[in-house]
Amino acid sequence: MSPLRIHIEGIGLWSKHLGSYTALQSLLVGNTPEPPLSKPAATTLPPNERRRAPESVLLAVEVAGQAVAMSGRAAASLTCVFSSSHGDQAITDYMCATLASAPTELSPIRFHNSVHNAPAGYWTIATGCHEPSTAVCAHRMSFGAGLLEAISQALADQRPVLLVCSDIAGVYPLVEETGCTQSFGCALVLAPAVSGTTLASLDITLAPNGPVETLPEPLAGWRDANASADALLLLALLARGHGRCQVDAAATLGLHIELQQVDVRAFDAHHRNAEHVA
């Protein structure tokens with residue numbers, strides 16, 4: 001099949017080491033960026049909601065806000081895909097422990113925040129977004145599955161889509177199963193056509209999974225600590241500005257991604273000519 005071409009307009013990133021995509025770019029050229037605050041700022045949320053929201057929501061909203069701000073799009077206009085391998089592990093652990101020991105004491109508020117699409121709910125309410133939202137989970141392949149879903153929606157509907165993929169660190173004993181020992185989140189604004197804010201263009205080919213790719217130093221061990229950090233294969237490619245990578249989207253399906261150079265100046269000239277003719 002022919003490659004699917006998609007365009008990146010905005011990028012968001014947060015971990016305990018890196019507070020933005022710009023920090024990742026700095027790290028990959030040998031610098032030591034200043035670490036972010038101890039938890040995501042998530043300034044898109046109203047103050048009262050920020051105080052009540054769990055870490056999983058703060059992380060997803062923070063990276064979504066970064067990506068949308070970079071794209072210049074209105075958050076309320078974007079279809080959303082939220083992806084996570086494990087959801088809110090801290091609340092899942094609390095609920096399991098409470099149900100086992102004192103089920104009548106289960107907190108309805110914490111139960112409300114346990115559902116997999118809770119971050120999407122907080123985001124769409126805070127931004128006044130009435131566009132469709134989707135929650136995706138595919139265990140350790142959740143970033144690739146979410147990326148495929150977001151690309152499919154963007155190309156099928158011919159409109160931009162916000163993709164958010166995030167996981168927080170797990171707690172004992174659940175972390176023994178998930179292996180997720182540190183928080184990581186990222187977001188992309190994907191568009192079906194080149195625009196004046198296009199950062200990069202990607203050609204996506206669906207094919208069987210290939211050999212596991214390694215991340216450049218100092219990122220090599222990050223995927224072991226968080227499944228959502230699979231996104232770093234693509235983010236590092238974008239920071240490098242050339243080349244290709246592969247992201248797993250299912251047990252036997254991979255997304256082969258090749259970065260294409262885009263001439264935004266040519267787009268701007270064509271856009272100006274079209275306006276002049278009109």
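Is Val262 buried, partly exposed or exposed, and what relative accessibility does Val262 have? At 25% relative accessibility, Val262 counts as partly exposed, where buried means under 20% relative accessible area, exposed means over 50%, and partly exposed lies in between, for a 1.4 Å probe and protein chains only. The structure is a predicted model, in which local features need pLDDT of at least 70 and side-chain atom pairs count only at pLDDT 80 or more, while totals for chains, interfaces and linings use all residues. Residues are numbered from 1 along each chain as its sequence is written, and side-chain values use heavy atoms, with hydrogens and water left out.

## Val262 and its surroundings

Val262 is placed in the loop between strand 8 (253–260) and helix 11 (264–277); helices (H or I, at least four residues) and strands (E, at least two) are DSSP runs, numbered from the N terminus. Leaving aside neighbours within four places in sequence, Val262 is in contact with Val194, Thr198, Leu199, Ala200 and Ser201, contact meaning heavy atoms within 4.5 Å. Thr198 is 64 residues away from Val262 along the chain, and the C-alpha atoms of the two are separated by 7.8 Å.

In helix 1 (residues 21–28), the residues Tyr21, Ala23, Leu24 and Leu27 are buried. They cover an arc of only 155° around the axis, and therefore they are on the same side of helix 1; the arc is that of the directions from the helix axis to the C-beta atoms. The cover over the buried residues of helix 1 includes strand 1 (4–15), helix 3 and helix 10 (232–240).

The axes of helix 1 and helix 10 come within 10 Å and cross at roughly 70°, the axes being lines fitted to C-alpha atoms, for helices over the stretch in contact, with angles that run from 0 to 180 degrees between N-to-C directions. Helix 1 and helix 10 are therefore roughly perpendicular to each other, since angles under 35 degrees count as roughly parallel, over 145 as roughly antiparallel, 65 to 115 as roughly perpendicular and the rest as oblique. On the side of helix 1 the contact is made by Tyr21, Leu24, Gln25 and Leu28, and on the side of helix 10 by Leu232, Leu235, Ala236, Leu238 and Ala239. By class, this contact of helix 1 with helix 10 has 8 nonpolar, 1 polar and no charged residues, where Ala, Val, Leu, Ile, Met, Phe, Trp, Tyr, Cys and Pro count as nonpolar, Asp, Glu, Lys and Arg as charged, and the others, Gly among them, as polar.

After helix 1 comes Gly30, whose phi is positive, near 100°. Thr32 is found in the loop between helix 1 and helix 2 (47–52), and Thr32 is exposed, with a relative accessible area of 76%.

## Helix 3 and helix 6

The axes of helix 3 (residues 55–71) and helix 6 (residues 118–127) come within 9 Å and cross at roughly 50°, and the two helices are therefore oblique to each other. Ser56, Val57, Ala60, Val61, Ala64, Gly65 and Val68 in helix 3 meet Ala118, Pro119, Tyr122 and Trp123 in helix 6. By class, the contact of helix 3 with helix 6 has 9 nonpolar, 2 polar and no charged residues.

Ala126 also lies in helix 6 and is partly exposed, with a relative accessible area of 28%. Not counting residues up to four places away in sequence, Ala126 touches Thr44, Leu45 and Pro46. Ala126 and Pro46 are 80 residues apart in sequence and 7.2 Å apart in space, C-alpha to C-alpha.

## Backbone features in the loops

The peptide bond from Tyr172 to Pro173 is cis, with omega near 0°, and Pro173 has its place in the loop between strand 4 (161–167) and helix 8 (175–178). A cis peptide bond also joins Glu217 and Pro218, with omega about 5°, and Pro218 lies in the loop between strand 6 (200–208) and helix 9 (222–225).
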